[in-house]
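User: Hi! I am new to protein structures and would like to learn how to read one. Could you take me through it step by step?

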Amino acid sequence: ARATTTRRDGDDGGAMWVDCDPGHDDAFALYLALHGTAGRARVLVGASATHGNQSAGKTTVNALRALAWIGATASRDGGEGGGGTRDARRVAFAAGAARPLLRASSACEEIHGESGLDSASATDALEEYAWGEDERDWMGAGGIEALFHPRAKTAAEAMYDAFVRHVETSGRRRPFVVVATGPLTNVATMILAKRSQIDLFPDECRPVIFCMGGAVGDGNTGARAEFNIQCDPEAAKIVFESGLRVYMIPLEVTHTAIVTPSVLDSLTTGGHFDSGKAGASAHAKQIRSLLTFFKDTYENVFDFKTGPPLHDPCAVWAAINFIEGATYDESETDDRFRDLFEFTHERVDVECESRLTYGQTVIDRWGTSAEPKNVYVARSMNVDRFWEAMRDAIQHRLSWMS
């Protein structure tokens, strides 16, 4: 039977935490996480930054810039509105790992630029992050530097705290999902630090992990390695072998989400863009500028001629559909994705030793390993519906503008 849910529009569903390394596609992953349910439910409860596409200092600033751009307010613990309801615009935030668990850090400046979030036009770049009174109460006079204070709450701690709060407030009825769109260092750190505590919870309400990363075949920064996994293969190994439910969205799927010229037009026209709403035109220019820079670097580096793949929102969209389709009914099947994704349950090991292929996700497609299956691997995605979800998210963001 298909997993079903009964929830009124606007009711809280499951909870999502996005751990990211912005990065152009990470910014749109945050966008979809906040607005992807188009008001049906508020699922984004927190976000954190990690090393990856740029240094941790730059990805942290970029995450805050992206959250402000999509209409969210970063805070220490999220926030609640009157009557204990969630405030959809307040998102818990924490800085995370500055380097992999065991290796030197790397970056992807050739794709994301010197800032990590470069634009084709400086005029239409995202605004620099400016902290206001809410952030001043949280960060103090030190501003963003306070996030890197030795006593500051880390991404792993904040992620775990949000998980516990959700379990307590939801009555264990709805899932808590972590979507990792960068290296898995923060997620692995949470698992290592809180393994004993997580094990105290029933299997059905432990965190569920979605990650954009890995590849079935060819990699993109190694012959067989995808960038996020290659940045910290030891962290990926810990997450994949944690016993938690893990979903992997590999390159073979994300490379079907290409921002063609017609897709870009569809994302930046129609609806509120044509209504004369204040700020809509500038917002369209920012979307175009970000994705045009991304297109140009992908063509220069990887010879993508028709547009860049928008990797990270694919993982968020899978997570949204998991949340909206999950019931925690023991009798349910894995048909949680309503024909929008196809997943197969596989044994996936992460290569950590080979100089040539470290970071490879080795998928035992034919069941030759004696090791248990540990990862749900995405095999396909309904691309038309994905772009429809992105368009709806952008329109929902515009509806928040005055």
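**Reading the fold, step by step**

Analyst: Happy to! In this protein, 81% of the contacts with a separation of 6 or more come from residues 24 or more positions apart; contact means heavy atoms within 4.5 Å. Keep in mind that this is a predicted model, where local features need pLDDT of at least 70 and side-chain atom pairs count only at pLDDT 80 or more, while totals for chains, interfaces and linings use all residues. Residues are numbered from 1 along each chain as its sequence is written, and side-chain values use heavy atoms, with hydrogens and water left out.

User: How many helices and strands does the protein have?

Analyst: Helices (H or I, at least four residues) and strands (E, at least two) are DSSP runs, numbered from the N terminus. Here there are 13 helices and 11 strands.

User: And what share of the residues counts as buried?

Analyst: A residue is buried under 20% relative accessible area, exposed over 50%, and partly exposed in between (1.4 Å probe, protein chains only). Of the 402 residues in this protein, 55% are buried.

User: Can we try that on single residues? Is T297 buried or exposed?

Analyst: T297 is buried, because its relative accessibility is 9%. You will find T297 in helix α11, which covers residues 280-302. For contrast, look at R76 in the loop between β3 (73-75) and β4. R76 is partly exposed, because its relative accessible area is 42%.

User: Which residues does T297 touch?

Analyst: Leaving out residues up to four places away in sequence, T297 touches E110, I111 and F302.

User: Now for charged side chains. How many salt bridges are there?

Analyst: A salt bridge is a side-chain nitrogen of Lys or Arg within 4 Å of a carboxyl oxygen of Asp or Glu. Searching the whole structure gives 17 salt bridges. One of them joins the side chains of E234 and R103, at 2.8 Å from N to O. This pair links distant parts of the chain, 131 residues apart: E234 is in helix α8 (residues 233-240), and R103 is in the loop between β4 (90-95) and α3 (109-112). E234 is buried at 15% relative accessible area, whereas R103 is partly exposed at 21%.

User: Where do E241 and R347 lie in the chain?

Analyst: Their side chains also meet in a salt bridge, with 3.5 Å from N to O for E241 and R347. E241 is in the loop between α8 and β7 (245-249), R347 is in the loop between β8 (341-346) and β9 (348-350), and the two are 106 residues apart. With 38% relative accessibility, E241 is partly exposed; R347, at 7%, is buried.

User: Why does the pair of D265 and R288 tie together parts that are apart in sequence?

Analyst: First, the distance: the side chains of D265 and R288 meet in a salt bridge of 2.4 Å, N to O. D265 lies in helix α10 (residues 261-267) and R288 in helix α11, so the pair ties together parts 23 residues apart in sequence. Both are partly exposed, D265 at 38% relative accessibility and R288 at 29%.

User: Which residues are linked in a network of salt bridges?

Analyst: That network links R195, D199, D203 and R206. Have a look for these four in the structure!
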